[in-house]
Amino acid sequence: MQCSSSSSNPHCQCVSILYPQTNKIWSFKRTLSVTPPPPPPQQQRASRDEKPKLITSVSNPFVKHCLKLRNCSSYRRSHGSALVVGSTPIREICRFRDSLQDESVLMDCLILPDQAEIPDGLDKSTASIVRVSSIVMRKLSGLQSIDSIDAVALVKIPASFFDVDYNQKNCQKWFPSAHRILVLDGIQDPGNLGTLLRTAVAFRWDGVFLLPGCCDPFNEKALRASRGASFQVPLVSGSWNHLEFLKEEFHMKLLAGHPEHEGLVKPVCLLSPSFCDSISDMPLCLVLGSEGSGLSEKSLQACELVSIAMAGEYESLNVSVAGGIFLYMLQPKSR
């Protein structure tokens, strides 16, 4: 793959990428995804029969582009794509897209080891295929052992992700439904964040709101922990002002997970079946804070605090473990 950049406007750079297996050039602005236009059906069939060019050098421009997508949040945002490692999360993303017929979740390119078969469930994909050597696959995956890595994909960041600025207040666009919203307050560990996203999808929560201080949900470790959930649930990255707009728009109750201990000024409710039944019909936001810093001062002030009963002298649970309990107990009833 070859890259070039040219523009008469210094504020609007345009990049061209030559995909190695097709010898075709697609141009895109830096604010857009690296998504080639779909070829006619007969060309799709022909490209499947062609042997993709093998990339063996980690200095290849296409490999460098993929590594920037993996390592740099701002680069991911500007190109509108993320690097997903492993056939399992890729398959989950494709299955979700097919179930909803959601074309906004689009796989730009499928990267496979040389001589490897296309993984089950991905053989019907119309994405471009690029073959790479084991050295390049190890570099792309970021793992020392690639025995279990049978595919890497460039996937377009979905339209269900919103990175809102101060003036954006159209909450109706953020979440199609807002009965149960998980709010993450400064969750910096990508493993915890990814696990919470995966759990939110499993228990049918309507979306996830990321307050300042959270890590990128398309970070490589977050993607690995979420198993593709980052592409399957509406995500909004915003401030407390945006969360206040959301609360007022949908008349939501604010709850926050917090261990009960001496010195708290506010009362703490106990998470129990009766408590959950009493608020089952209320739209609510559940706020979870980081393990290190806990809830922010704003969350402590604005939310009703709820704790999980524990035996022994343990002060608190890991946030992803506690979050799993909260998300299960407070999950929406069948609607």
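Buried here means under 20% relative accessible area, exposed means over 50%, and partly exposed is anything in between, using a 1.4 Å probe and protein chains only. Strands (E, at least two residues) and helices (H or I, at least four) are DSSP runs, numbered from the N terminus.

This is a predicted model, so local features need pLDDT of at least 70 and side-chain atom pairs count only at pLDDT 80 or more, while totals for chains, interfaces and linings use all residues. Residues are numbered from 1 along each chain as its sequence is written, and side-chain values use heavy atoms, with hydrogens and water left out.

Let's start with strand 5 (residues 81–85), where five of five residues are buried. Both of its faces are covered: Ser 81, Leu 83 and Val 85 sit on one side, with Ala 82 and Val 84 on the other. Strand 5 pairs with strand 8 (residues 152–156) in the antiparallel sense, over five bridges; pairing takes at least two DSSP bridges between the strands. Across that pairing, Val 84 has Ala 153 of strand 8 as its bridge partner.

Now the cores. A nonpolar core is a set of buried Ala, Val, Leu, Ile, Met, Phe, Trp, Tyr and Cys residues joined through side-chain atoms within 4.5 Å. The largest one has 48 residues, and Leu 182, Leu 184 and Leu 286 have the most contacts inside it. Helix 7 gives the most to this core, with four residues. A second, separate core of 23 residues includes Ile 181, Val 268, Cys 285 and Leu 305. Leaving aside residues up to four places away in sequence, Leu 286 touches several others, among them Ile 181, Trp 205, Leu 255 and Phe 326; contact means heavy atoms within 4.5 Å.

Most residues other than glycine have a negative phi.

Finally, the surface. Met 310, Tyr 314, Leu 317, Val 321 and Ile 325 make a nonpolar patch of about 450 Å². Ile 325 lies in helix 12 (residues 319–329) and counts as partly exposed because its relative accessibility is 31%. Like charges are joined within 9 Å, and nonpolar side chains (Val, Leu, Ile, Met, Phe, Trp, Tyr) within 5 Å.

Note on methods:
Patches are made of residues with over 30% relative accessible area and no salt bridge: like charges are joined within 9 Å, nonpolar side chains (Val, Leu, Ile, Met, Phe, Trp, Tyr) within 5 Å. Accessible areas come from the Shrake-Rupley method with a 1.4 Å probe; for residues, only the protein chains shown count as cover. A salt bridge is a side-chain nitrogen of Lys or Arg within 4 Å of a carboxyl oxygen of Asp or Glu.
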